[in-house]
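Hi,

Here is the structure I promised to pass on.

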Amino acid sequence: MFSFFPRAFAACALAAALAACATASAPAGADVYAGFTLLDPATERRIDNAYIVVAAGRIVDAGAGLGPAVAPDRRHDMSGAFALPGLIDTHAHVTLGRLAVTRTNGAPAIAATSEDDITAHNARMLVAFGVTTIRNPGGATEANAAYAEGVRSGALLGPEARAAGEILDRMPFQGLTAVVTDAASIEAAVAAQAAAGMNYIKLYHLLDEAQFTAGVEAAHRHGLEAITHTGGITWDRAAELGVDAIVHAMPISADALPLTARDDYRDATETGAHAFYEWWERADLDSPEMQRLIAALVEHDVTVDLTLVVFQKTFWGDDPTVRDTGAAYTHPLMRQNWQTFRFDIGWREEHYRRARAVWPKIMRFARMLHEAGVKLTIGTDQANPFVAPGFDTIAEMRLHQEAGIPPWAVLRMATSQAAETLHMEDRIGRIARGMEADIVFLDADPTRDVANAATTRAILINGELHDAAALRAVD
Ligand SMILES: [Zn+2]
């Protein structure tokens with residue numbers, strides 16, 4: 001394991017007895033941040049009046065007290081603040097821009113675009129709300145590779161991203177999917193994404209079981225993990241087939257419903273996003289099917305991000321007081337685009353009513369997954385309609401709390417637990433010696449209410465200090 005603050009705390013407490021704690025030396029060029037309450041979701045510990053020493057983008061020391069002496073311009077008074085490890089959004093399509101109608105051989109088709117200005121906006125807003133790392137589960141491989149290089153070189157201010165390229169599916173969607181058919185085409189698509197530096201392969205809902213299996217196997221052969229948004233394949237089957245992560249609170253396979261409801265669901269008259277509530281209307285959370293589904297996730301150690309916020313914005317798509325809460329932080333061109341491209345196109349009052357009626361079931365499902373021991377992380381589906389970068393990462397945390405999950409557990413989902421699922425726990429997810437200096441300073445205590453994670457005062461990203469209000473101001 002890695003060293004973390006309790007050890008530094010103990011060392012400091014001992015040193016304090018010798019009156020040496022505040023006078024220990026700091027490396028040249030180090031910054032000291034002091035006076036805040038340090039929160040460690042991994043252990044549920046807090047240290048009042050804490051300090052950290054940051055040098056070369058890393059935390060070189062942390063503990064209680066004033067910390068070592070440094071020049072006045074290197075000492076930052078963070079009195080009254082609460083410090084959390086930088087937040088992790090495991091479902092942010094940061095490079096995805098507007099959808100457009102294109103014509104291929106005269107036939108209209110929808111294409112996803114990637115636009116530098118929108119990407120830069122999204123990246124900055126994520127940081128403005130304390131998000132310092134993301135998993136980007138799908139987008140143009142080239143755009144995602146360029147994003148990684150932009151962040152690495154410092155040309156772009158944004159969270160470090162681990163990403164999937166084009167999502168493997170049977171249907172073309174320019175800029176978003178790679179069409180695959182047989183094992184050879186799957187192998188070629190996976191090899192290309194691996195060569196371009198992607199970390200994940202995302203498998204989409206139209207793949208059949210043979211294609212899905214080939215996708216998981218090809219990903220693993222190339223050292224990548226497989227993420228899925230499933231459709232026909234149940235979550236328990238996907239887990240058995242070796243998938244690493246599942247996204248969206250929509251296990252909408254007919255086979256996950258009680259036997260008597262399956263034909264009825266298959267015959268449901270509506271299509272598209274209507275399936276979200278049509279499936280949940282028929283789902284029985286206490287059925288053997290659901291118990292099997294949840295048990296399989298635990299048994300096969302599959303991580304899940306539910307992206308509750310994107311479904312809330314769809315189910316309340318006719319209610320601006322829910323839908324538009326984060327609108328100020330979205331890019332104006334995306335807002336314009338969502339007047340046309342949205343999940344609730346054509347919904348009438350009856351559809352919204354039915355969708356909202358299943359919401360308590362979805363929230364109970366979230367709590368059941370957590371209580372069963374499924375590793376949940378906080379993901380928003382940013383880039384999709386009405387999801388605001390960063391702002392809605394906090395909203396997603398709040399929805400997990402509303403589902404009945406305790407604040408500390410939700411904070412873990414957004415920090416240490418997410419770091420583990422991304423296999424980055426040796427450098428992010430905790431405020432501790434040796435870790436990257438990715439820290440968010442808040443004005444209010446998020447262990448009382450995770451909504452307080454929105455009271456961002458300042459952000460350290462790789463040791464670089466940013467003022468939250470300045471980043472949120474739209475230029
Ligand atoms: Zn997504």
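**The zinc site**

Three protein donors hold the zinc ion at 2.1 to 2.2 Å: His-91 through NE2, His-93 through NE2 and Asp-381 through OD. Donors here are N, O and S atoms within 2.8 Å of the metal (3.2 Å for Na, K and Ca), and water is not among the atoms, so sites may look incomplete. Along the chain the donors of the zinc ion are spaced as H-x1-H-x287-D. His-93 and Asp-381 link distant parts of the chain, 288 residues apart: His-93 is in the loop between β6 (87-89) and β7 (99-104), and Asp-381 in the loop between β17 (376-377) and α14 (391-402). Both His-93 and Asp-381 are buried (under 20% relative accessible area, with exposed over 50% and partly exposed in between; 1.4 Å probe, protein chains only).

Before you go further: this is a predicted model, where local features need pLDDT of at least 70 and side-chain atom pairs count only at pLDDT 80 or more, while totals for chains, interfaces and linings use all residues. Residues are numbered from 1 along each chain as its sequence is written, and side-chain values use heavy atoms, with hydrogens and water left out.

**The chain overall**

You'll find 17 helices and 20 strands in the chain; these are DSSP runs numbered from the N terminus, helices being H or I of at least four residues and strands E of at least two. Buried residues account for 57% of the 475. Of the contacts (heavy atoms within 4.5 Å) between residues at least 6 apart in sequence, 72% join residues at least 24 apart.

**Two packed helices**

Helix α10 (residues 308-315) packs on helix α13 (residues 349-372) at about 155 degrees, with the axes 9 Å apart. Axes are lines fitted to C-alpha atoms, for helices over the stretch in contact, and angles run from 0 to 180 degrees between N-to-C directions. That makes the pair roughly antiparallel (over 145 degrees; under 35 is roughly parallel, 65 to 115 roughly perpendicular and the rest oblique). On the α10 side, the residues in contact include Phe-311 and Phe-315, and on the α13 side Trp-359 and Ile-362 are among them.

**One buried glutamine**

Gln-211 lies in helix α5 (residues 209-221) and counts as buried because its relative accessibility is 9%. Leaving aside residues up to four places away in sequence, Gln-211 touches Arg-170, Val-180, Thr-181, Ile-186 and Leu-206.

Cheers
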